[in-house]
Amino acid sequence: MPFLFLLYLFPCLSYGQKQANHWYFGNKAGLNFNGGLSAIGNGQLNTQEGCSGYSDPNTGQLLFYCTGDTVWNKNNVMMPNGFGLGGHYSSTQSALVVPKPGSTSQFYIFTVGSWGGMQSALSTGSFNLNLVDMTLNGGLGEVTVKNQVVLSSVCEKLTATLDCNGVDYWVVVHKFNSDKFYSYLLTAAGLSAVPVISTIGIMHSDTLAGNGFEAIGYMKISPDGKKLALACYSNVRTVELFDFNNTTGIINNEILDTSWNNYSGFAGLYGLAFSPDNSKLYISAIDGGIYPNEIFQYDLNAGTGAAILASRLPIASSANQYYGALQLAPNGKIYMAKAGTGYLDVISNPNSAGAGCGYIASGLQMGNSQGQHTSTFGLPNFVEIFNTPTAFKLTYDGCGGTYTATLLDTVIPFPVTVTWDFGDPSSGANNTSTLFHPTHLFTSTGAYTISLNITAGCTNFTYNITLDLADSFQVDYGADKIICIGDSVLLINSFQYGTNYQWSPSTGLSCSTCASPMANPTVTTTYIVSIDDGPGCHDEDTLVVTITSGVAATISNDTSVCPGSTVQLLAGGGSAYHWFNDAALSSLVIPNPIATPVQTSTYSVIVSLPGCMPDTVNVTVTILPLPTIDAGDDQTIINGNSILIDATSNAVSFLWQPGIGLNDSTILKPLASPTITTTYIITVDNGVGCLATDTVVIMVEDGIEPLLFFPNAFSPNGDGINDLFDYFNFGFEKVWLRIYNRWGNLIYETDLAHDGWDGTLDDLPCSMGVYVYYAVATDQEKKYYYKGNFTLIR
């Protein structure tokens, strides 16, 4: 067989890509990128913005996920000591998980608070460190270090990337009321006490009424660790782009886009993402109620700073959907949050310019059931390391042919350069190559030591492998043969190479030195063939030719198929076949024809061998009935409303496509709530594989709804973090809030904005436990009702 070798890189450069394969975000929404893409509906996370998580980088299996204040294990249970991590549900990049260098069981959860600490009653706005140990709690993890303040009063911006050595990390934040970046080196010894401070870019400071909105917006480092970009929200409204040095942590060479004069009020820049190949930057802008939500693309390969700014292109806009975070996914696509909906927008080809990027509005549904599994403004925050697996291949000539030795499934998180040495100095200048996939013609047969030198990041190493050209030589005459007395059979080598053949014994062969002799022995005989193809190239094969006196025909079992389906029949036991009784066969003279019956049919075949009495066998193919399906009448709804699809069928399983806008795409009568006019196709199965389809159209009239968000827990312990239970209002004129204990007793009510509950009743602290909120929110003449529960933690 062709020679194959696998090159195993040093652990510092062998980096799995599955650590971001589970996304938990929004209102109990989730995605699983293992084996494709599917929605997750069992998560406990409910947050307005930032979140993170971590999966095994090799298997993609979930380890844990978190908001800025709570972490859950893979069983969706809060970890011991897993509440109060220092972040906030309304912080852009509230959390970021970074593995501890040198460890496979310990992980840092870095968090940042909200609004730069300007609204201190709700969040101190600090940069905090937490540590999870996955060896504890029976392998489900426990928080061992919690809410350790690293830096006070920072923006809602938190990102990280690999150091150039491929082992350590740089964790980066931006100080609020400042123009300073803080880059912290994370090593096996922990987070550096002295950060690298870069003073560059605009001032991120409060300019209006102390609301701290200038701290809002994403910051990310490109997948190759070379660029850093920021989206600055209302009041400052700037896109900042810099060079990032992943050897020193220094940030320099600013490019600022301040040309956003068409925005005012609460409109501003929010999400951003780099393309996998680091050539494009995408920015999302959030509507403040006057301007459209928009997505823009920059070409980072345009040249000068001015050329990059001039390359800005609009990709999409919406007057009735709130845009949010942009996040690069393991499948190479970029997804965008759409607050208050069950959908994400998709940028399918983010490396491509302009319309070629393949933007799809509402291109992915997470699942939507009774207001859950919906997007808010945030998506999970990850260390973005996205590289196509790097394969190193060598094509060479060996005994009898040309082969390829291949390096598979290796990911190096940096651009690499290579130098091959083929260990064949007699080939002169051809003995080396700098290609990933070189071809080499060795000067003679024998064993060679192949050397591959790889430079990645700031690391350089050499790996050696031995390649023996003679190992690739093969001979294969296939399966043993059966013939009748007096018949003959041609013996053929499937590899068709070699020059010197020797058969033993020669009895019953037309030639003992031929590549393909004719065999007609009178008794069952075992033949051994030996082949040479020059020095070092030798192989043998053994073949038995059996003599029989009659045919014992075989045929595949009776089977059933659906109307219009095909089935392959398989007969055996002879050398010649003749099918009859039906013309619906792909061939009448082969052992394995394809049958396409239009009714239940029995097929017969005569099986023969030269010199033997033939045998006849039969097989019956039964036609199964199709299921019935009626998808119901076409319907019209207002955007934001739902309608039951009244389909009828006698089938046992169902699949609606697309699944976007359906509460369950696998039931007969789903609840439909699409945001655009959609034609749904239902495919039904009667349980034995027979399918039928029908369609129904749900027509939609557009609209937009205001939003109201509630946290799922708070801790009124006077530490300045999550001390009040309060809602986040996006668009309502008035909100009336009541809170009840578990016995249904009213313990708090208010109709004042942000007059949150401090966890007391008659100035006495209430006990820990679950409480129920009930809210009525008004928008002009329309009322909206909200009900849910939350936990008081002390």
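Why is the disulfide of Cys 562 and Cys 690 left-handed? The torsion about its S-S bond is about -100°, so the link has that hand. The structure described here is a predicted model.

**Disulfides and cysteines**

Two disulfides are found in a search of the whole structure. The table sets them out.

| Disulfide | Sulfur atoms apart | Hand |
|---|---|---|
| Cys 511 and Cys 514 | 2.1 Å | right-handed |
| Cys 562 and Cys 690 | 2.0 Å | left-handed |

Cys 562 and Cys 690 link distant parts of the chain, 128 residues apart. Cys 562 lies in the loop between β43 (559-561) and β44 (567-568), and Cys 690 in the loop between β56 (678-685) and β57 (691-701). Cys 562 counts as buried, at 10% relative accessibility, and Cys 690 is buried at 0%. In the other pair, Cys 514 is partly exposed, with a relative accessible area of 27%.

Cys 51 is buried, with a relative accessible area of 0%.

**Nonpolar cores**

The largest nonpolar core has 57 residues. Trp 23, Phe 25, Leu 281, Leu 344 and Phe 377 have the most contacts inside this core. Phe 25 touches residues including Cys 51, Leu 344, Met 366 and Pro 380. A second, separate core of 22 residues includes Leu 151, Val 154, Leu 186 and Val 383.

**Cavities**

There are eight cavities of 30 Å³ or more.

Notes:
Residues numbered from 1 in each chain as written. Predicted model: local features only at pLDDT ≥ 70, side-chain atom pairs only at ≥ 80, totals over all residues. Heavy atoms only, no water. Core = buried A, V, L, I, M, F, W, Y, C linked by side-chain atoms within 4.5 Å. Buried < 20%, exposed > 50% of the residue type's maximum accessible area, 1.4 Å probe, protein only. Contact = heavy atoms within 4.5 Å. 1 Å grid on protein atoms, 1.4 Å probe; cavity = no way out; pocket = protein on both sides within 12 Å on 5 of 7 lines; lining within 4 Å. Points joined across faces, edges and corners; volume = space filled by probe spheres on them. Disulfide = S-S within 2.5 Å. Helix = DSSP H or I, 4+ residues; strand = E, 2+ residues; numbered from the N terminus. Lists of a residue's contacts leave out its neighbours within four places in sequence.
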